[in-house]
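Okay, thanks for coming, everyone. Let me put the structure up, and then I'll talk you through a few places in it.

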Amino acid sequence: MIEVNHEHRPVEAFERDRFWVEPGEHGYAELCTTTNFTFLTGASHPEELILRAAELGLAAIAITDRNSLAGVVRAYSALKELKREATEAIGIRSSQTMDSSSRQQFGHSVELARPDGARLPKLIVGCRLVLRNSPVDWIALPQDRPAYARLSRLLTLGKRRAQKGECHLDLADVLEGCAGIILVALPQGDIHAKHVQKHIQAAIRRFPGHVFLGAAPKYNGQDQAYLNACANLARRTSAPMVAVGDALMHHASRRQLADVLTCIREHITIDEIGTRALPNAERRLKGAADMARMFRNHPAAIRRTFEITARCGFCLSELSYEYPDEIGDTETPQMRLTRLAYEGLERRYPNGPTDKALAQVEKELVLVEKLKFPAYFLTVHDIVQFARSQGILCQGRGSAANSILCYLLGITDVSPEVITMVVERFVSEHRGEPPDIDVDFEHERREEVIQHIYEKYGRHRAGLCATVIHFRSRAAIKEVGKVMGLSQDVTANLSGQIWGMSNGGADPERIRELGLDPNDKRLAQTIRLIGEIIGFPRHLSQHVGGFIITKGRLDELCPIENAAMEDRTTIEWDKDDIDALNILKVDILSLGMLTCIRKCFDLIETHNGGERLSIDRVPQADSPTYDMLCIADAVGVFQVESRAQMNFLPRMRPREFYDLVIEVAIVRPGPIQGGMVHPYINRRQGKESVSFPSEALEKVLGKTLGVPLFQEQAMQIAIVAAGFTPEEADKLRRSMATFRRMGTIGLLRDKFIAGMLERGYEPTFAERCFSQIEGFGEYGFPESHAAAFAMLTYVSSWLKCHHPAVFACGLLNSQPMGFYAPAQIVRDAREHQVEVRPICVNNSAWDNTLERRPDDSLALRLGFRQIKGFREEDAGWIVATRGNGYPDPESLWQRAGIGPSVLERLADADAFSDMGLGRRNALWHVKAIRGQQPLPLFNDSIEGEGIHEPSVDLPAMHLGEEVVEDYVAMRLSLRAHPMELLRPDMPNLTPHAALTNAPLGRTVVCGLVITRQRPGTASGVVFLTLEDETGVSNVVVWRKVYEQFRRVVMGGRLLRVTGYLQREGIVVHLIAQHIEDMSHRLSDLGHPMDDAIGITQPQADDAPRPPRHPPRARHPREQAKRLFPSRDFH
Amino acid sequence: MQKRVVSLWFERLPSERVLRARPVDAPFALTHHQKNADRIYCLNPEAERAGLHRGMGFSDARAFCRDLQSRPADINADAQFLHMLARWSKRYCPWVGLEGRDGLVLTIAGSAHLFGGEEALLDDMRLRLARSGIGARIGLGDTRGAAWAMAHYGPGGICTQTDLTALPIAALRLDEKTLTGLQRLGIRTIADIIALPRATITRRFGRDVLLRLDQALGDQSEDISPLSEDPHYGVRMTLPEPIGLTGDVMAGTERLLTSLCAKLKINEKGARILLLVLRRVDQGNQQVELRLAQPLRDAARILPLFERGVDNVDAGFGIDQMRLVATQVENLPTQQMNHISGQKEGKLDDLITRIGVRIGLENVQRFLPADSHIPERSFIVSPAAYSRPEGAWITMQPRPLRLFPPEAITAHGPHPPARFHWRRMPLTTGRATGPERIAPEWWIVDDNWRSGVRDYWKVDTKEGQRLWLFYTPQSPNWYVQGEFA
């Protein structure tokens, strides 16, 4: 148990009776606070500081992070939210759960009393400039927009000079670029030092009237003396003295966390922290009374905080943001957009546009003009055009993508006929919020697009958004555990044990299971601190593809810094911050499937000849394709290849495109949690009649059989059934995304349900509707999103259906992507009668290729890229110098200049079989080549210098060894499945292929684990997919069984599962009762490296990664036994 | 003469060493902390049966096996134990060497017949080891390699050529990479390697494989380096006539000391503890022990330090033998001399030794700075002879010269009292500066700090004392904790 910590008792309470000084009439404004965006230093979220400032009734609070503006937008949003709530009179939830930065919830929420007197503090944007060559830190507080721009440019200057995450500024830079900025000098270290006075005087000469001396109490018993010294210095330098708190945390209870952060920063454990720890918890945000008491001899210093507050008039909402115009010579953006739209109309509707389409275009054009977004559409259009011109496949999605404009501009290929258009959704007039278009590009070629944008707009106008990397539970456990002195294996297990429980903290039962004592005080502290640190920002990283493009200089909007990746620059704000400030961004995302589809189109063009396909030219409504999907034959198909989707397909039986849209949208956490799946499927299968509570709702929900599946439908229900205005409905949508962090949905809930009851709906129905809407949270799909994905699903299944060899080849060449490992893709291809040929030095290329067979069908030739650790460059040399083929391994070494280690890899992969060399003989040959380069004198073996070796008779490899070797080299084998070899020794197993007909009852299966999933929506159930030589089986492990066999389920590679069968249509599940780890049996294959078998793909496996220890560490005798399974020396 | 080599492999040496001292009837494992993780270092058969193995993470192991008992491994003690075993095994032959961390190698050629032949020797060995609770696998062969192979990969006992060739190639002491390489080529046993043309192996795997093979087969010689004896730092002198005068004894001591110091100098050692044993004619022993504050081998400096001890010796009817032993020595490398080195410090050390002779060297202590905000923990006290003075004391805040356990005084309110009684003295506050707030170190449980945060005040009393007071706001009380000069 956590002992009552005295720290947590409000020390303020005791202070009150110390020197009770009546709070001054004016209160106090805090000008120096460090948030946790000064990474690993500040111990409070900006939101917490704002909230605390409001509670304390401060007149203003400045957020001043170290050389950074990263935290200010958070503070700004929090303040905005507080203001909104103050006007709406909604209680504020406690700071403990208000973890908006990570969008995670932890701890118990505590209702806080509303601060008395609804006066909210004013937010001052600023930063703390820490210079390389100055003993003084400068609090920089811009007075207006131009001053802010200068500050932003100054920071950009410092950041672009330095490495990622650092900022190199000198006093000279400050003196150069801080006009209009109020500078508060905070002397560090000895205040009497010579340089302190010199630097302050230099600043004051440069910016008279703008420089102050900050006096921050140190709480070390000599404050009055220190303040007097400050006052003295202020007199000497004529920089007026101002009181600052230099707060590091919002509340005293964060002292422990601050110490832990110090340890993490300094790479030490808590026992080594010594005087680097905070001596007390006084560096917290303080109220007017406390400050007045501290500065009782210098009241002017307190008063001066107001003077500065009054002078800092800058607010983040002023960041007027202008989108770059795409101006032709004479055309305005709107004219150009209109022209392009009508051109598109002709192209998309060769038989003349429908009236509906025409009307829609008109409507959207007017709206776009009114909201001044034409340039945005044009920017996206130009980027897409560029990609097209380079042959890069791309597709748009996002809320604005379901506009007909996007269809006409070629940004999306989903016809607006298919999906409902809700214009309000993509641009609502009142919201003034920018539209949102995400464009997916091929993952291998996205960088080209990004560099094009930098080139076109320049680095001073274009930058990537940042992503704030937070402490998630795993990192939190690891780092805090290390600081608190837990050994690495304990922390590794601790994070392993919370598998699937994301951020809930640790469960005592689990802790006991690890052999730790949950009552141990240190451990209890550790666990509490882990809970506290989760959600703290840790560093900035670059966003996957959110681009900000401005008309003016970007560095006047926000500081720009170098990213870790070469040639990338990012701004300091993340996506949410950008949204909060209404700044437009274009998401340049990458999608593996697009790469795959493009490669497939290329292959079809070369091998089948004829016209080049494109996404919109793939034949629609192809019935064999849908037939294939109905039997869940979907390995490799976009979006529907996961296990849940494969189980759902035969029940859904998709027959048309819109079915796929629903399929993609329904198997998502949102609808699953909202309980939409069962009603929908029952209605679709006709088990339940389709009825609508009202006619109005029939219109909204008709397409989805009365079950709301998309975000748009949720909004429309609110409008149609609950009488919300579009504006309110939009607020509902937004709070759906944010309700978890601010807890504001309650009010809307009451309104929603009251509205529905008023219109005569059943209370139960109303409740259900709302809980479904809530379930969407962040996991729901907008319809346009789903439609865009469904398009790719259709195209990929069409390819799989009609060109299985091409599809498999494209998939393999686009790895890593998707859900399945190459082994499963190859296996699936072979099941579809595609001949797969092994890697061969005389036939393969780097990529997998297609070869024409005598019967005119195509065979898949595996490429060198399937060999583990093979480099593309070597493959290039092999192909380039191949000529009429290589007669022996030596010729490869001599002609292609392939080093011995690479030759060995080729031999391992059995790529010399074409020369009549088995794997073992090839390895023997290759091993003889030791030099990196052929020696010039001896490289011609015909000269007689060649070494004539006596021929050697190596024992032939048996099948087991070959299979292991295949897995070692390529992670797949064309020879046999390991299970096939082990089966004779494991009696009473049911092969997977027989499961469809096996009698329902107790069944035993055994196979390699290929997927292992524990969805957050399934309350602790684990889904395993096992593979044997005949097929796959789906194993369901209920929570109880999982608890019992936790380690086996998590760590096993080859599992034997006993359970009973459940069959529903063609979907068969095995409900596990007993699970046994058979991984050790793989050593029966007789090869020392059997641990290469059964390695899962990370994306298909939710188990924690590193717990496997190399078996090499075992006892040497174990090794001996592995080689001689029959002999035992005991 | 044919070499005959015995290889002993103590499979579980570390755990058996610990279990001999304190038997445990349950799964037991020794853990070793490496790279910030506890791993199993050695374990007993019960633990192995429970599915544990060496190198496994300790927390994993504990989760597998709930009743696992464990102790941290002590690698130095293991090494010492192995040395002890080596000494013991000299009963079989004089030529004993170490084999890694957990084995011994003995050359028994010529000594086996003393035990009635090789078989009998091995039986005797097994019996004695088993009796003392040490499991050993023993191999005997013509070469070190063969004996090793038999002990590690064979059934044990005497190794013949056929036995050897049937063993797996791992028995050749090859590195992991070569081993896997050979196995992948289908070469499993030593016989398989012998069957291959020699040149082809060297071309592919280097000379090492054949070297090891030849060593095992006896075609290449392999040395066994026997353990060397540690030098003994002791000298003695027998006197023709008993002596009794202090001056005589000191003169004798000087002679002994000179030769002892010469021996120490050759080995670059310095004595830390010296023991002078004086044997009287009536066979009674008198001992003088001298502990030094630093390792020394300078006779001129050591000799005066003996004076006091020798003074106290009761010579009885006279002393006829003197023995001087350095019972503890430390490394003392030879140093380049210059005009400043060693002058001042040496004097302080001599003083410490001198005082130490009188009151015990451990009782001479010095303060060292410690890194903490907590006043009581901002210094440590350690024996002066075994610590070096640290560079600087950096204190941000003025701290009292004398610090004592807090003494409660009666006062109320958060402000220092105007009048108070301390140690029965009525005192009046003159000037008070503060408060300096110090919060307890939250990660340490310290009963003295149970009362929570302290606000320290420096109080100058009108009576002249300058005291360090603190107030605990969370359970309101006042204490005096120190006195400034």
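This is a predicted model: local features need pLDDT of at least 70, side-chain atom pairs count only at pLDDT 80 or more; totals for chains, interfaces and linings use all residues.

By secondary structure, chain B has 14 helices and 20 strands. How does its radius of gyration sit against that of a compact globule of 485 residues? The globule would come out near 23 Å, but chain B has 34 Å. If you box up its C-alpha atoms along the principal axes, you get roughly 100 × 70 × 50 Å. Buried residues are 51% of the 485 in this chain. Now take the contacts in chain B with a separation of 6 or more: 58% of them are between residues 24 or more positions apart.

In soluble globular proteins, nonpolar side chains tend to be buried together. Here the largest nonpolar core has 132 residues, and F864(A), L906(A) and F912(A) have the most contacts inside it. Helix α33 of chain A, residues 783–802, gives the largest share of this core, with 10 residues. Zoom in on F864(A): leaving aside neighbours within four places in sequence, its contacts include W846(A), F870(A), I878(A) and L906(A). There's another core lying apart from that one, with 82 residues, among them A53(A) and L154(A).

Now the backbone. Most residues other than glycine have a negative phi, and most peptide bonds are trans. Where is the cis one, then? A cis peptide bond joins Q815(A) and P816(A), with omega about 0°. P816(A) is in the loop between α34 (804–813) and α35 (822–831) of chain A.

Then two residues with positive phi. N988(A) has phi near 65°, and R173(B) has phi near 60°. N988(A) is in the chain A loop between α41 (978–982) and β18 (1002–1013). R173(B) lies in the chain B loop between α7 (161–165) and α8 (176–184). Buried or exposed? N988(A) counts as exposed because its relative accessibility is 69%, whereas R173(B) is buried, at 15%.

Last stop: E343(A), in helix α11 of chain A, residues 333–348. At 40% relative accessibility, E343(A) counts as partly exposed. E343(A) and L409(A) are 66 residues apart in sequence, yet 8.6 Å apart in space, C-alpha to C-alpha.

Notes
Residues are numbered from 1 along each chain as its sequence is written. Chains are lettered from A and ligands numbered from 1 in the order in which they are written. Side-chain values use heavy atoms; hydrogens and water are left out. Helices (H or I, at least four residues) and strands (E, at least two) are DSSP runs, numbered from the N terminus. The radius of gyration is taken over C-alpha atoms; the globule rule is 2.2 Å times the number of residues to the power 0.38. Buried means under 20% relative accessible area, exposed over 50%, partly exposed in between (1.4 Å probe, protein chains only). Contact means heavy atoms within 4.5 Å. A nonpolar core is a set of buried Ala, Val, Leu, Ile, Met, Phe, Trp, Tyr and Cys residues joined through side-chain atoms within 4.5 Å.
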